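Hi,

Here is the structure I promised to pass on.

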Amino acid sequence: MELDERKTVILKVIIKSYLETGEPVGSRTISKLCGLNLSSATIRNEMSDLVEMGYIEQPHTSAGRIPTDKGYRFYVDSIVSENDRKMTAMTSQMLERVDKLELLLKNIVRALASDTNYAALISGPNTSTVKIKYIQLSVPSEEQVLMLLVLDGNVIKNELLNIEESMDYETAMNLTVMMNNHLSGLSLREITPKLITDIMVQAGAQSSNVKIILDAIVEMLEQGESNHDIFTSGAKNIFKYPELTDIDKASQLISAFEEKDKLNDLVNEVTELSVTEGNAGGNIRVYIGGEGPIKNMKDCSLITANYELGDGMTGVIGVIGPKRMDYEKVMHTINGIKDQLDNSFSDKNKKEDD
């Protein structure tokens, strides 16, 4: 005999009602709560089947039914299964948003290079001063934890971590609640050694796993202080300008453009200037020749601007071209892209907060 959909609904009604009242559950109660529009006779037949299957029992003659251990186990497992489905759906949505932001930035930098006919770059958002919004843990296997870190501005980072002690779904949920209680609303600078110790002590037998998770969170936030995802496009456009086609000049320029460390230094300098000047969503800056932060770009001009995703999340847009570049067009194009990013993410965050 199978536990079909109708029997499942009736079983869950019996268990929920018994959990609330502590009283055996009869067919009239089930008829009112199950929403199946069944006769009392039909419900009694289904209850008899559930008794035969071992999910419920009748404590006294003419009394209603109560759950057995098997019934409780089915109920708990169904809750876990449903939560797993919800968690999987939420995880997929979060990861999709990560992919969408990356795709958006790649599309923007390609469009910028194409529109200006110069080389272009854009950095992913800086996370140095933002606060943790939410942490979510899920367990794809007993030896691994998938950690999702949601920051202000709804920027999401994720990492699959190998853990030392096996972890089940319930433990992951308990650790999720505990870590959010401690870390939600804090920035990297507010995560002190004492706080980390307190969290590990509260984690008890899971302290070694929590240490791994905390180390990953701190590393993610530290990377946001100095290392950025940087997307580039249009390097070949450099060869369209005779003054830059000298083999030595071109190779140095291409090398500088492809070396992420140098571009990272550039992004950090532009960001630091904006923060220092109190203008994180700052105005356009123009570096001509040797004024720029990258020595190998001394034969070029560089135009940059900061964009903002809300909640203090900022990134940098840049265009590199010859000193005779069309400054007016480039500044106009960058301003337009910056405003679109600022406005679209600001509106989106407001809607999500509502």
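Let's start with a charged pair: Asp 49 and Lys 7 meet through their side chains in a salt bridge, at 3.6 Å from N to O. That pair links distant parts of the chain, with Asp 49 in helix H3 (residues 40-53) and Lys 7 in helix H1 (residues 5-21), 42 residues apart. Keep in mind that this is a predicted model.

Lys 7 also has a salt bridge to Asp 4 (3.7 Å, N to O). How accessible are these residues? Lys 7 has a relative accessible area of 6%, so it counts as buried. Asp 49 is partly exposed at 21%, and Asp 4 is partly exposed at 34%. Asp 4, Arg 6, Lys 7, Glu 46 and Asp 49 are linked in a network of salt bridges.

The count of salt bridges comes to 9. One of them joins Lys 211 and Asp 215, whose closest N and O atoms are 2.8 Å apart. Both lie in helix H7 (residues 207-226), 4 residues apart, or about one turn of the helix.

Now for the nonpolar side. The largest nonpolar core has 42 residues, and Ile 122, Met 297 and Ile 320 have the most contacts inside it. Elements giving two or more residues to this core include helix H4 (69-116), strand E3 (119-123) and helix H10 (327-353). H4 gives the largest share, 6 residues.

Last, the surface: Glu 142, Glu 143, Asp 168 and Glu 170 gather there in a patch of negative charge. Glu 143 sits in the loop between strand E4 (132-141) and strand E5 (144-151).

Cheers

Note on methods: Residues are numbered from 1 along each chain as its sequence is written. This is a predicted model: local features need pLDDT of at least 70, side-chain atom pairs count only at pLDDT 80 or more; totals for chains, interfaces and linings use all residues. Side-chain values use heavy atoms; hydrogens and water are left out. Patches are made of residues with over 30% relative accessible area and no salt bridge: like charges are joined within 9 Å, nonpolar side chains (Val, Leu, Ile, Met, Phe, Trp, Tyr) within 5 Å. Accessible areas come from the Shrake-Rupley method with a 1.4 Å probe; for residues, only the protein chains shown count as cover. A salt bridge is a side-chain nitrogen of Lys or Arg within 4 Å of a carboxyl oxygen of Asp or Glu. Lys and Arg count as positive and Asp and Glu as negative; His and the chain ends are not counted. The place of a charge is taken as NZ of Lys, CZ of Arg, CG of Asp or CD of Glu. A nonpolar core is a set of buried Ala, Val, Leu, Ile, Met, Phe, Trp, Tyr and Cys residues joined through side-chain atoms within 4.5 Å. Buried means under 20% relative accessible area, exposed over 50%, partly exposed in between (1.4 Å probe, protein chains only).
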